[in-house]
Amino acid sequence: MTPSDRAPGFRSALVRLFTIQAAFTYERMLGVGFAFAVEPMLRALGRSPGQEGPAAYRAALARQARFFNAHPYLAALAVGAAARAEADGAPPERIERLRSALIGPLGSLGDRLVWAGWLPACAAVGLLLVACSAGAWAVVVFLVLYNVVHVWLRVWGLRRGWRAGMSVAGALAAPGLQRSLELVAPVAALVVGAALPALLGWYPFRARWEVPAAAAAAVLFAEAARLLQGRATGLVTAALVLAVVVGVGVLW
C-alpha cells in the first residue's frame, strides 16, 4: 500500500458511515450524513498553514453537505472518492459533478445487489432453517450472513473510492462486482424457491380453523406493513417477518 492509498481518518469515516441515514431530510436526502461521514478525511485540509487551510476545509465540508442520494451501503464509494478529490485539489465544479454522476449508478447497483438479491436470499436461508427446526439459530444465521456482506460493502467502497478518486467510475465495472450482480439474483431465486415448499411442509395444516387464522394473520401483517410504509426499511421488514415465523413455530 502506497502512502497515497492510506486515507486519513479512514476508521472514523467508516464508523460514521453507519449513521449516514440518521440526518435524512427530503431536501438533501443523505447529504448531511455524507458530510458527517467524510469530515474526518477532510481534516488534513484545515491543517494547511495560514488562512487558506481552514477556509478550504469549511468550503469542502459545505460542498459535501449538499444534496446526495444513493444506496446507503454503496454511498461509501462516493464518500471515499469525494474525499480523495478534495485532497487532490480537484476543482469544486468537478467534485460536484462527480457526486451527482454517482447518485444513479450507486442507487441502482445497491437496489439490485442488496434489496433485490442478498436480502431476500438471506431471509430465505433463515426461513429454511426455521423449517428445519433451527429455532433462534435461524435469526442468528440470517443476521450474520446479511451483515458480512453489508459491512464488507462499506469497507470496500470507502477504500476503493479513496484509491480511485475522480476515476471512481471504473470501480463500478470491477469484475468481482459485476460477477456478484450476475449471481445474486439466481441464488436468491433458488433459495426462496427452496424455502417456500419447505415452509409449507413445516406448517401444520391439521385443523380447519388454522387456515382462517393464518389468513387473518396475513391481513393483520399486511395492514402493519402499510402503516410502517416509509418508516421501516427492507431489513426491518424482513427481520419482522422472520421473528413472526419463529414465534409462531415455537408457540404452535
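## G161 and its surroundings

Beyond neighbours within four places in sequence, G161 is in contact with L77, G80, A81, R84 and V168 (contact: heavy atoms within 4.5 Å). The model is predicted: local features need pLDDT of at least 70, side-chain atom pairs pLDDT 80 or more, while totals for chains, interfaces and linings use all residues. Numbering runs from 1 along each chain as its sequence is written, and side-chain values use heavy atoms, without hydrogens and water.

G161 sits in helix α6 (residues 136-164). Its relative accessible area is 0%, so G161 is buried (under 20%, 1.4 Å probe, protein chains only). The C-alpha atoms of G161 and G80 are 4.2 Å apart, across 81 residues of chain.

## Helices α2 and α3

Helix α2 (residues 31-46) packs on helix α3 (residues 52-64). The angle is about 160°, and the axes are 8 Å apart. The pair is therefore roughly antiparallel (over 145 degrees). The crossing is right-handed (near helix turned clockwise from the far one by less than a right angle).

From α2, the contact uses G31, F34, A35, V38, E39, L42, R43, L45 and G46. From α3 come G53, P54, A56, Y57, A60, L61 and Q64. By class, this contact has ten nonpolar, four polar and two charged residues.

## Helices α1 and α2

Helix α1 (residues 10-17) crosses α2 at roughly 175°, with axes coming within 7 Å. So α1 is roughly antiparallel to α2.

S12, A13, R16 and L17 of α1 meet F36, A37, E39, P40, M41 and R43 of α2. Six of the contact residues are nonpolar, one is polar and three are charged.

Key. Axes fitted to C-alpha atoms, helices over the stretch in contact; angles between N-to-C directions. Helix = DSSP H or I, 4+ residues; strand = E, 2+ residues; numbered from the N terminus. Parallel < 35°, antiparallel > 145°, perpendicular 65-115°, else oblique. Nonpolar A, V, L, I, M, F, W, Y, C, P; charged D, E, K, R; others polar. Buried < 20%, exposed > 50% of the residue type's maximum accessible area, 1.4 Å probe, protein only.
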